[in-house]
Amino acid sequence: MLLTFFIEIQHAVAQLQIQTIENGKTELHTPITEANSALNFRKNELIKARNKFQSAIDSLSSISTDTSSQSLKIEALNAGINSITIQIDSITSAIDRLNKFEDSKEKTYTFNDDILSINIKKPENFISSKQLDSIIAKRLEGKLIDPILKFNGTFGGISFRWDALTNSDFGFSAPEGAEYLEQRIARGFGMDYTLNIRPIQITRKCGLFITGNIEINHYSFRNTFDFVVKDETITIDYTKQQQGIKFKRFNLRTIAFNIPIDFQIDIPIHRNILAIDLGIEGGIRCFNRTKQIWIDDNKDRNKQIKYSDLTIQQWKYSLLAGIGYKGISLTCQYTPTPLFKKGTLPEVYPLAVGIKINTKLLNKILDKMESL
């Protein structure tokens, strides 16, 4: 059976020199030539056995009398030859793969617990002693580098979010005396893009991300009013409402640049990772504008846009949390910094809940779209 020659591989690997280094990892300085030799030896033995089976078949076939017993023997020998041929093909495939590794100029061999990692310039394989009775190498499509030693989390990606403003009691109703801030909750939305930067590894299951992102927030209000700003004092103007004008749309949009600091821990689940994020980010709002659209008595569409005409709090910080699986994350962001400067409007605090597609999955999607 295949188990026999895989045990020989395991024995050859066990004979390699192992040197312990600081992080508990051990390096195998001897190339995997011994495993290759064991495979070739086993292959030659199987070829000899197959030739003996074939000789036996030829001898039986040369006998002039044809009996049912003779036919059964020939059938059994043919079955043995087929089984040996399958084993030879498996060994040949394993030898080819080992030769590819051996031809690579940049490679290291590491042995930790029960996994022998083979890392080449574009790592894509490992050998597991747990599966030596069924496989010699498992293809990983280049996803993992040092799978048992490296933290490979991903924090970067693009998020699509639902945006809203909360009051001091964490509710969504407008603050008392500021009914004009009543929101159209369903129309609030936003997005952000976070750069994918290599993490600072803490252990092989957790790390720290320090990166940057751009964030777009969009808030929608229900009532018909206008912001009038003078000397950083805001007056609520209801002139349009008194004229019988009702806004079809009244939106506030802001754009901010942030620096997130995120701690991520990866929890293995089968062959995938459950990633849990907790972090904080500081940022600056560099743009804001209001957009008002209404239909007049003549059924004409009217639009009024005001840029940077609100007392928006420029500097802010936010608390971050997320949980992700297979490249998709559920995210939450709460900003304890009020949206408006103190003393100008009642305090409201941004809240965003969304879905993030991480950079690795995003690149896969883009590659598939290009191949179409």
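The protein's secondary structure comprises five helices and 19 strands, where helices (H or I, at least four residues) and strands (E, at least two) are DSSP runs numbered from the N terminus. The model is predicted, so local features need pLDDT of at least 70 and side-chain atom pairs count only at pLDDT 80 or more, whereas totals for chains, interfaces and linings use all residues. Residues are numbered from 1 along each chain as its sequence is written, and side-chain values use heavy atoms, with hydrogens and water left out.

Of the 372 residues in the protein, 40% are buried; buried means under 20% relative accessible area, exposed over 50%, and partly exposed in between, for a 1.4 Å probe and protein chains only. Among contacts with a separation of 6 or more, residues 24 or more positions apart account for 65%, a contact being heavy atoms within 4.5 Å.

The interior may be considered next. A nonpolar core is a set of buried Ala, Val, Leu, Ile, Met, Phe, Trp, Tyr and Cys residues joined through side-chain atoms within 4.5 Å. The largest such core holds 21 residues, of which Phe227, Leu252 and Leu339 touch the most other members. Strand E13 (233-237) and strand E14 (247-269) each contribute at least two residues to this core, and E14 gives the most, with three residues. Beyond its neighbours within four places in sequence, Phe227 is in contact with Leu181, Ile234, Thr235, Ile236, Phe250, Thr290, Lys306, Leu310 and Leu345. Another core, of seven residues, lies apart from it and includes Leu39, Leu46, Ile88 and Ile95.

Phe227 also belongs to an aromatic cluster, in which ring pairs link Tyr180, Phe221, Phe225, Phe227, Phe247, Phe250 and Trp294. Rings of Phe, Tyr and Trp (its six-membered ring) pair if their centres lie within 6.5 Å; planes under 30 degrees apart count as stacked, over 60 as edge-to-face and the rest as tilted. A search of the whole structure finds 13 aromatic pairs. In one of them, the ring centres of Tyr180 and Phe225 are 5.5 Å apart and the planes stand at 55°, so the pair is tilted. This pair links distant parts of the chain, with Tyr180 in the loop between E7 and E8 and Phe225, 45 residues apart from it, in the loop between E11 and strand E12 (226-230). Tyr180 counts as buried because its relative accessibility is 9%, and Phe225 is buried at a relative accessible area of 0%.

Two strands pair if DSSP finds at least two bridges between them. E8 pairs with strand E7 (residues 157-166) in the antiparallel sense over five bridges, and with strand E11 (residues 213-220), also in the antiparallel sense, over six bridges. Asp192 in E8 is the bridge partner of Ser159, and Gly190 stands opposite Asn217 in E11.

The loop between E7 and E8 also contains Phe170. Phe170 is exposed, with a relative accessible area of 58%, and its phi is near 65°, a positive value in a residue other than glycine. The C-alpha atoms of Phe170 and Tyr349 are separated by 8.4 Å, although these residues are 179 residues apart along the chain. Lys326 likewise has a positive phi, of about 55°, without being a glycine. Lys326 lies in the loop between strand E17 (315-325) and strand E18 (328-334) and is exposed at a relative accessible area of 55%.

Gln264 counts as buried because its relative accessibility is 1%. The side chain of Gln264 reaches the backbone oxygen of Thr154 at 3.3 Å. Residues up to four places away in sequence aside, Gln264 touches Phe151, Gly153, Thr154, Phe155, Lys205, Cys206, Gly207, Phe209, Ala275, Ile276 and Asp277. One of these, Phe155, has Lys356 over its face, at 4.1 Å from the ring centre; a charge sits over a ring if NZ of Lys or CZ of Arg is within 6 Å of the ring centre and within 35 degrees of the ring normal.

Technical notes:
Polar contact = N/O pair within 3.5 Å; in protein donor to acceptor, adjacent residues only side chain to side chain.
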